Amino acid sequence: MAKTFARKFEPARRKFLKQSAAIGGGLSVGFTLPGALAQKPGAVEINAWVVIRPDDAIIIRYARSEMGQGSMTSAPMLVAEELECDWRRVKIEYASANANVKRKRAWGDMAAVGSRTIRNSQEYLRKAGATAREMLIAAAAQQWGVPASECSASNSFITHGAGGRRLSFGKVADAAAKLEPPNDVKLKDPKDWKLIGKSVKRIDIPDTVLGRQRYGIDVQLPGMLYAAIAQCPVFGGKLKSMDASKVEGRRGIVKVVPFETFVAVVADNWWRAKEALRDVHVEWDAGANGNVSSASLMEFYQGGLDTQTDVATARKDGDFDQAFASAAKKIEAEYYTPYLAHACLEPMGCTAIVKDGKVDVWTSTQNAEASLANAAAVAGVPLENVEVHRVQLGGGFGRRGGAQDFVRQGVAIAKAMEGTPVKMLWTREEDTQHDFYRPASLIRLKAGLDPQGGPVAWYSRVSATSIIATLPRLPLKDGVDPQAVASLNDLPHAIPNVRIEYAQRNTHVPVGFWRTVGHSQNPFVRESFMDELASAAGKDPFEYRRALLAKSPKDLGILEATAKAAGWGQPLPAGVFRGIAQTEAYGSYTSAVAELSVDKNGEVNIRRLVLGIDPGYAVNPDNIQAQMQGSSVFMLTAMFWGEITIKEGRAEQSNFHDYRMMRLREMPHVEVVLAPSGGFWGGVGEPGQASIAPAVCNAIFAATGKRVRSLPLKNHGLTLA
Amino acid sequence: MIELTVNGRKHSVDVEPEMPLLWVLRDVLDVKGPKFGCGIAQCGACTVHLNGEPVRSCSVPVSAAASQRVLTIEGLAQRGQLHPVQKAWIDHEVPQCGYCQSGQIMAAVALLAKNRDPSDPDIDAAMTNICRCGTYARIRTAIHAAAKTLKSTKA
């Protein structure tokens, strides 16, 4: 069935490719079908990742998703590095999720989550490139009747001896594909890398700039209908009754379909569906949670801090209680971080057709395999009967990974309209009010200092909903959700007595992975509290951390590099103050220094934000710069304004007028200190956010003497100038 | 029937006069460059030009565009030549996910049409579109670069 589709859309696609090539210089990704480039005549698959055409075009497959993090360019760079191909002739296309099912996961994990595309796939991607290269060399050597050891590959050519004969990859691809792949390939020494570490232009940008990038929302199929939905405003509530008589016979309205938890209007365009939905009378059964409020939730979390039972220990070094009791100085504090919505600019949506026991899905997804599995389950068909067509994502930030609620809805609607493709799209209001929010978290901290001010005891208890237990519904190891205690359980500082506890407090408010997850909130808590300790000890906050990180060279290295670039300790103009923070996240080491002033109206003027990152190897440096710049906008938005509050069991905010986004005029000057120390592969999509909030809040403390212990800053009368 | 000219092509559409221009473009005319983000003129992802003026097409009824000229991102490149703003966007690798960028580019083009050499405060005032990925720093750099290009080609 996927083939039938392929034929139907071929003409439009060809035209699109041709136009892009004319204007965009051949860098075309766009709205292609899975495997379309590799299906062209003569294209030869060397292995799952590498396809070579007789005209020497190199097609490198990409399995995860592209949502702006740049991995669609940097992951294929790893293949190309070892393949020794001409990067200018490389075309990148998505691997098919359906083929991944049929070929026993030849492309492995397809999820673009947890900043792990590079760090978790780097080895098999480089090996795939190296294996293909060795096969191409072997095929050329056979043709020449010489030993493969006398041949080498470079820039898409195989050469025999110095200045000798040469053959292009395209000429030997056919023969190479028939050879046994070598079992053991040697990967290049990093010092010999030609592509990794160079700033390579992102492959998807020209299409975006031409308005030709295709997102889930842009899918257009012949005979397609459109659906708008309304979900029970109270999370977990159900449909009680529905009266659609007012919209029956209205222009363009095809069907109103009740489901267990939502109502869908199907129409001949989306606007008509959305407008009609307002006139469908719906009664909801809110269930048991219709009275839940932010205040009642806070009480519940507070109970998690105070309880003597039902608490898990995430880390225990030495004896905290004894060390704290005998400490020269004791510091205690409580910190709070709120629920946050993802607010991907492209609202959730899913287009699907269910026909003849098969399902085709087009959706902006961070996890095509999960989309496929959810579609199969809802349609009641085997996995092999589903294809998830890959598109660019209009933002992901974790929303489009694990939950897949939008796929289940889209396929359910398509099933109710069997044989007809239906594009379901959420309004912004649905998107804001039916998110899987970044969990709210209440944290109690205690520390004991020795007479010199050094910490001898550190305690944290986190009271928060577990994402792991409530979204993927996996059992917690020893009762601890690692995201809930992130950056606390792995505290790298030299403190002899540490106890970290987790009180799991699950509520009816759905929570999920939000860009940087636990590291989006706990570093604010940890590094602000560390500042409190430095302040209590009368020590410089940079020097205080430095002393505690002497045995954590990577944390220390990025702290020092960032402080140096920021000119820590250098004089500042009157009224300007600095704050510093440091944390590891997703395998990368980060630090931040904020330089700011606060005026009497509470306007925070950030003059300079210096962000350091050591990702080990920096695959595409300019893209890392972009991710760091973007992280500062994402985190500043969250820390100044971000807050979902709950009233009568539902989210109070609904759109950008009350869930505020940062604008260009508020963008501070950001400097990135990219300090790759080599030897490891860290993430880059998420770590950049981790150190920002504490650095800014510590600078606010330096400027005002006020310690901020809860976010967002708007609740403290502070705003971004 | 409502007549409108989109990217130089005349169309007549049989829709309700209050249907937003955005949805006429996207669902009736298959012009997918302008994006839907909020529906309340907050985010600007739907920005197009109406007679040269940037408008948030999610909040403009199609009747208000009747017999007028609509320009979308698809109509910006002329005869295979990128608009200097598009070129600057590519040179400076502005987009991340890219979803807001057709709106950002249309807003920037409108700014430069009126103001050949915008200062930073001019850019602050004109560029109010939301970018969730946070490409603001590069948007600013690219606008200055495009202004330079425009200046040199007009001189």
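A nonpolar core, as I use the term, is a set of buried Ala, Val, Leu, Ile, Met, Phe, Trp, Tyr and Cys residues joined through C-beta atoms within 7 Å. Buried means that 20 or more other C-beta atoms lie within 10 Å of the residue's own, exposed means 12 or fewer, and partly exposed is in between, with C-beta atoms placed from the backbone.

What you see above is a predicted model, where local features need pLDDT of at least 70, side-chain atom pairs count only at pLDDT 80 or more, and totals for chains, interfaces and linings use all residues. Residues are numbered from 1 along each chain as its sequence is written, with chains lettered from A and ligands numbered from 1 in the order in which they are written.

The largest nonpolar core has 282 residues. Those with the most contacts inside this core include A:Leu136, A:Val265 and A:Val696. Helix α4 of chain A, residues 117–144, gives the most to this core, namely 10 residues. Helices (H or I, at least four residues) and strands (E, at least two) are DSSP runs, numbered from the N terminus. Take A:Val265: leaving aside neighbours within four places in sequence, its contacts include A:Ala227, A:Ile253, A:Leu277 and A:Val280. Contact means C-beta atoms, placed from the backbone, within 7 Å.

Next, one helix. α14(A) covers residues 522–537. At 1.5 Å a residue, its 16 residues should span 22 Å, and the end C-alpha atoms are 22 Å apart, so the two agree; the expected span is 1.5 Å times one less than the number of residues. Is α14(A) largely enclosed or open? It is largely enclosed by the rest of the structure, because 12 of its 16 residues are buried. Its buried residues, among them A:Phe524 and A:Leu533, pack against elements of chain A including β14 (329–337), β22 (577–585) and α18 (692–704). After α14(A) comes A:Gly538, with a positive phi near 70°.

Now the domains, whose bounds come from an automatic or database assignment. Chain A is given domain 1 (2–209), domain 2 (216–287 + 348–425) and domain 3 (294–340 + 437–720). The C-alpha centres of domains 1 and 3 of chain A lie 40 Å apart. Between them, 19 residues of domain 1 are in contact with 20 of domain 3. On the domain 1 side, α2(A) gives the most, with four residues.

Last, the two chains. Here 48 residues of chain B are in contact with 47 residues of chain A. α5(B) gives the most to the chain B side, with four residues.

Key: Two residues are in contact if their C-beta atoms, placed from the backbone, lie within 7 Å.
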